[in-house]
Amino acid sequence: MTHACCSHDAAAEAATVIDLAPMPSGTIYTCPMHPEVRQEGPGSCPKCGMALEPAMPSLDDDDGEVRSLGRRLGALVALTVPVFLIAMVPHITGRMWHAPWATGLAWVEALLATVVVLWGGAPFFARGWRSLLPWSPNMYTLIALGTGVAWLYSVVAFALPSLFPPAMRDMHGQIAVYFESAAVIVTLVTLGDFLELRARRQTGEALRGLLGLVPKTARRIGKDGAEEDASLESLRVGDHVRVRPGEKVPADGTVMDGESYIDESMLTGEPVPVAKKIHDKVTGGTQNQHGALVVRVDHVGQDTVLSRIVTLVAEAQRSRAPLQRVADRVAAWFVPAVVVVALLAFAVWWTTGPTPAFAHALVAAVSVLIIACPCALGLATPMSIMVASGRGAQAGVLFRDASAIETLREVDTLVFDKTGTLTEGKPTLVELRVFGRERAEVLALAASVEQPSEHPLASAIVSAAEAERLVIPTITGFQAVVGRGVSGRVDGHDIALGNADLMEDERVDIAAGRDVADKARSKGATAMYMAIDGRLAAVLALADAVKPSTKPALDALHAAGVRLVMLTGDNEATAKAVASSLPIDEVHASASPEDKSNVVNALKAGGAKVAMAGDGVNDAPALAAADIGIGMGNGSDIAIQNASVTLLKGDLAGIARARTLSEATVKNIRQNLFFAFVYNAVGVPLAAGALYPVFGITLSPMIAAVAMSLSSVSVVGNALRLRRVTI
């Protein structure tokens, strides 16, 4: 449901647009248990009664709500302690209050308890009442019912004791009142809410840490060369900024001058600084180590990598995991069932209990209502997902939703592309064999036709031409044939550059270049044919080194029982040359995007739980077809958009980290659900008096309130342990 005061469009906009400036007015708040509930500004959830929290974290989140609740708690403690002492001192000392103290203290107890219940408990009664309108009874329904019954009974017993028959009086002839129970319950529940709210705030620390990476100002260089400090919000695409040693990069951009090392550990999880030189890309929020850099701003605001990361993680935190269905099914009947148990306990105690039977029956019923805690069940899954999403972001692993976190641990087959996934994705031109043409001319034409392409092989050819200081002509009619190559018209020539399938489509005879291509592939290089005006002009060989992290990552996954399948558009010789030194179980070469998708579907049809890792446009169909699509953060936007998991570092070591986090998260969720189920399964019968027939023990409503408050806090505390998991 969407809250009435917030339109769907406004909610959607607030959920997707990230501003690194302080949180504006009109911020959308949502419920951690019911993410479909959204409204402008803080409040409480109409379904579960919990305090809403910002859908997106903010650096200016000053915990005002926590402090306000803390002040309320302090006032309630000051009012409740006298009530508790007045009621309990006679029980502790064995001496009753005597006149004239008895009457005066009784009035003090009644008045203070009434203030605590009606003022301090007002939020509970309001939330409990609101829960009845959509018929979504929750924890506050039970609390309001329990404290309301105890207080109302006590008021009548105190003001009109003559209405009660002798059977309801104790050995002193008095009608028992439960002002202290009602007051202590309200105070303890407020304490539980305070502790839980403070703990829940910690689940957003990871995202607030990411937001805090970006400096508030930048050193902007004007067109006249003058430098000035400018606010981050004033930066525009194309501006040049100076990043001095020790400073943070203010926005995504390109190095225009200088060399340095950049610490990208907060984004990638890798502690080793990365060397940066002219034309290299830098990311806003990363820290410059040594040299000074001049950076051209390429992206600002919501278009930056950091903003996209925060958006992705925040959306994942608000998504619902499949395991949540268990708690949802229980919650549907939980509160009505507790009310029935409370009524049954009241009836049994009143008809069969010791004197005064009514007092015992009331205590048992109130204890049952207070000790039951549906919030512990409801929080079990969302809290773990929120913490795990933030922990993953710190390690350079982004989950698109909760389902991806839960499912990744079940993967038994990993399919991956070669270029950019196993390898560096930055191949270099190692051989250029020309046929009847000048080498410089061919390389310049090849660079021209590849310049509009985003493929790593294209970048290698362009870089080779630039390194030789060749003039790269302009292309017209550029076409990219996915899985085959590129073509276009340059300086009056029709150029085609790609694999043998593209040459066949262009009716180009490549017989003269086959031996050259085969030899290059046998060494692990990728061979490409180039045709000019329908005739073979060259064979280009490009080599791409395997990433240093690839083999250890694959070894770890293989040892964990994961089947490893390489799926590449390269030919079989090249693919097998790369696979020969790696623990790969199966190789599929010369695969088109459709072939890749078909292989993934075939593996799934055979019963495998498949994850697909890739970084290119041609990997997108297979990423979408897999149970879990894993996009490499250094790859294309479309690959990342189709991925359930994104590895910011862009290497397979992140998959091992993500799988470890997935296993730890599911284990944590199951611990939370087990605790919540066991707590309620044991607590409700104890509160009803299950121990009385054997041990003569009953549970005080005050003890029930302590147990109820600590149950939710314990679930949140257990979820927070995921912040320290090693991945």
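# Exercises on a predicted model

In this predicted model, buried residues make up 53% of the 727 residues in the chain. The chain holds 25 helices and 25 strands, and of its contacts with a separation of 6 or more, 68% are between residues 24 or more positions apart.

**Exercise 1.** Describe how helix α12 and helix α25 pack, giving the angle between them and the distance between their axes.

*Solution.* Begin with the geometry: α12 (residues 374–394) and α25 (residues 701–720) pack at an angle of about 20 degrees, and their axes lie 8 Å apart. Because angles under 35 degrees count as roughly parallel, α12 is roughly parallel to α25. Next comes the handedness, and the crossing of these two helices is right-handed. Then turn to the residues that meet: α12 contributes Cys 375, Ala 376, Leu 379, Ala 380, Met 383, Ser 384 and Val 387, while α25 contributes Ser 711, Ser 712, Val 715, Val 716, Ala 719 and Leu 720.

**Exercise 2.** Find which residues touch the most other members of the largest nonpolar core, and follow Phe 399 to its partners.

*Solution.* The largest nonpolar core has 121 residues, of which Phe 399, Leu 414, Phe 416, Leu 422 and Ile 630 touch the most other members. Helix α23 (residues 653–688) supplies the largest share of this core, with 13 residues. Now follow Phe 399: leaving aside its neighbours within four places in sequence, its contacts include Leu 312, Ala 316, Ile 405, Val 645 and Leu 661. Finally, there is a second, separate core of 26 residues, with Leu 443, Ile 461, Met 530 and Leu 540 among them.

Terms used:
Residues numbered from 1 in each chain as written. Predicted model: local features only at pLDDT ≥ 70, side-chain atom pairs only at ≥ 80, totals over all residues. Heavy atoms only, no water. Axes fitted to C-alpha atoms, helices over the stretch in contact; angles between N-to-C directions. Helix = DSSP H or I, 4+ residues; strand = E, 2+ residues; numbered from the N terminus. Parallel < 35°, antiparallel > 145°, perpendicular 65-115°, else oblique. Left-handed = near helix turned anticlockwise from the far one by under 90°. Contact = heavy atoms within 4.5 Å. Core = buried A, V, L, I, M, F, W, Y, C linked by side-chain atoms within 4.5 Å. Buried < 20%, exposed > 50% of the residue type's maximum accessible area, 1.4 Å probe, protein only.
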